[in-house]
Amino acid sequence: FGAGTGLTKQTSSLFVAPAGVLPSDIREDSVQIRQGFLEGSNVEGLEEMIAMIELTRNFESNQRIIQAEDGTLERANDVGRFL
């Protein structure tokens, strides 16, 4: 089925097409079924790991910036207090 066909989820792994929507044709020579083989991944593991590390580093940097700003604002509040 193409994108935007409006499939509805019936169970955890069953989707039903609306009335009148038919699946698109697939060429028989483009499909191979082999017993005992594992399906290949549709992502590049190394690239995803690199992206995850970059995301983690960016999050940690932003967290440090927020903590530093919070400390600055706390000191600014202390300046205005009279003891």
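## Salt bridge

In this predicted model, aspartate 29 forms a salt bridge with arginine 27, the closest N and O atoms lying 3.0 Å apart; the term stands for a side-chain nitrogen of Lys or Arg within 4 Å of a carboxyl oxygen of Asp or Glu. A search of the whole structure finds one salt bridge. Both partners, aspartate 29 and arginine 27, are exposed, where exposed means over 50% relative accessible area, buried under 20%, and partly exposed in between (1.4 Å probe, protein chains only).

Lysine 9 has its place in strand S1, residues 8-9, and counts as exposed because its relative accessibility is 55%. Strands (E, at least two residues) and helices (H or I, at least four) are DSSP runs numbered from the N terminus. When residues up to four places away in sequence are not counted, lysine 9 touches Leu14 and Phe15, contact meaning heavy atoms within 4.5 Å.

Phenylalanine 15 belongs to strand S2, residues 15-16, and is partly exposed because its relative accessible area is 48%.

## Ring and charge

The charged end of arginine 34 sits over the ring of phenylalanine 37, at 5.6 Å from the ring's centre; this requires NZ of Lys or CZ of Arg within 6 Å of the ring centre and within 35 degrees of the ring normal.

## Helix H1

Threonine 56 lies in helix H1, which covers residues 45-79, and is partly exposed because its relative accessible area is 39%. From threonine 56 to aspartate 70 the separation is 14 residues in sequence and 21 Å in space, C-alpha to C-alpha.

## Basis of the values

Residues are numbered from 1 along each chain as its sequence is written, and side-chain values use heavy atoms, with hydrogens and water left out. Because the model is predicted, local features need pLDDT of at least 70 and side-chain atom pairs count only at pLDDT 80 or more, whereas totals for chains, interfaces and linings use all residues.
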